[in-house]
Amino acid sequence: MTDSRETKKVIGVRRLKEAMAKPASLRIITVANQKGGVGKTTTTVNLAAALSMGGLRVAVIDLDPQGNASTALGVEHLENAGIYEVLMGDLTMSQAIQKVKGFPSLECVSSNTSLAQAEIELVPMVAREMRLKDAIDELATQRIAAGEPLDYIFIDCPPSLGLLTINALTAAKEMLIPIQCEYYALEGLSQLLKTYELVKKRLNPSLKLSTFVLTMFDGRTRLANDVADEIRKHYPNELIDIPIPRAVRVSEAPGFNQTVMTYDASSPGAIAYMSVARELAERGKPFDSNVVSINYKREGEIA
């Protein structure tokens, strides 16, 4: 019996007719949210794919032990060396990075099965929070020297606030937060913002909270619209106000080792992510964020 996935292979290199705006300098964006299932990986890989299709040089670092970003990009990650070996100092980033098929200039540093133990192994290391930053700085310097500077690096974080996420926030210039349009997503936001402020104060003063993206949006529900209104109210400058709809094609694409950009470029999810990527590119430089403390306690609940 023929595997239906064979009919969904990526053919050729996908490019947009209209190029994306090139940033003034390398943008290193950590995609973080300690709540699972909010669309971190989906947002990471689809924005990276869209920007690459727009003619920009993009790299994805899969810092989640589950390796879902690597799967979605069609990159081998179960047995090969990847970001774990980079963090342990066994490989440089340039040695671990892999080309993603079907895209003009998209690369990935994959996760692998060993990454799950990295949280423990990093604990006794000197400057443990800076391991990823040092590796990225080395890669960026090498690419500049080669005349092929990277435009974007996306770091896909695990659903936790452990040492891997701290490494990602320390290495990044910006933080992008995908917000699922449900109450529980808002509940955990204040904890994430506390971690952001702590990293900014102690480890990475230049870190900016630059972007919010609304994911899994169902405009038919009052809750989804209420969540969107809260983010618009408190973060009008940071929010890219193009909600990503709940879409079957977006969910199906990783099963074929693809992003939705190549799986079904005309689907609502792909169109929304493409629009978000173009807006992200237009913003060009990160900007200062006035972090507003949001209290999402239920009525009558003790703060």
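Author: This is a predicted model, in which local features need pLDDT of at least 70 and side-chain atom pairs count only at pLDDT 80 or more, while totals for chains, interfaces and linings use all residues. Residues are numbered from 1 along each chain as its sequence is written, and side-chain values use heavy atoms, with hydrogens and water left out.

Reader: How many residues of strand 5 are buried?

Author: Buried means under 20% relative accessible area, exposed over 50% and partly exposed in between, with a 1.4 Å probe and protein chains only. Helices (H or I, at least four residues) and strands (E, at least two) are DSSP runs, numbered from the N terminus. Strand 5 spans residues 152-156 and is largely enclosed by the rest of the structure, because its buried residues number five of the five.

Reader: Which residues of strand 5 lie on each side?

Author: In a regular strand the side chains alternate between the two faces of the sheet. Both faces of strand 5 are covered, and the residues on both sides are all buried. One side holds Y152, F154 and D156, and the other holds I153 and I155.

Reader: Which residue is the bridge partner of T30 in strand 5?

Author: Two strands pair if DSSP finds at least two bridges between them. Strand 1 (residues 27-31) pairs with strand 5 in the parallel sense over five bridges. Strand 2 also runs parallel to strand 5, joined to it by five bridges, and there I61 stands opposite I155. In strand 5, the partner of T30 is I155.

Reader: Why is the pair of Y152 and F154 called stacked?

Author: Rings of Phe, Tyr and Trp (its six-membered ring) pair if their centres lie within 6.5 Å; planes under 30 degrees apart count as stacked, over 60 as edge-to-face and the rest as tilted. The structure holds three aromatic pairs. The rings of Y152 and F154 have centres 5.8 Å apart, and the pair is stacked because the angle between their planes is 5 degrees.

Reader: Which parts does the pair of F212 and Y235 tie together?

Author: F212 and Y235 form a tilted pair, 4.5 Å centre to centre with 40 degrees between the planes. Both residues, F212 and Y235, are buried. Y235 lies in the loop between helix 10 (222-234) and strand 8 (239-240) and F212 in strand 7 (residues 208-215), so the pair ties together parts that are 23 residues apart in sequence.

Reader: Which element gives the largest share of the lining of the largest cavity?

Author: On a 1 Å grid over the protein atoms alone, a cavity is a set of points where a 1.4 Å probe fits but cannot get out, and a pocket is an open set with protein on both sides within 12 Å along at least five of seven lines; lining residues have an atom within 4 Å of a point. The largest cavity is lined by A59, V60, I61, M93, I97, V109, I136, L139 and I153. Two or more of these residues come from each of strand 2 (58-62) and helix 6 (131-145). The largest share, three residues, comes from strand 2.

Reader: Which element supplies the largest share of the lining of the largest pocket?

Author: Of the 29 residues that line the largest pocket, G39, K40, T41, T42 and M216 are the closest to its centre. At least two lining residues come from each of helix 1 (40-53), helix 2 (68-72) and helix 11 (248-252). The largest share, five residues, is supplied by helix 1.
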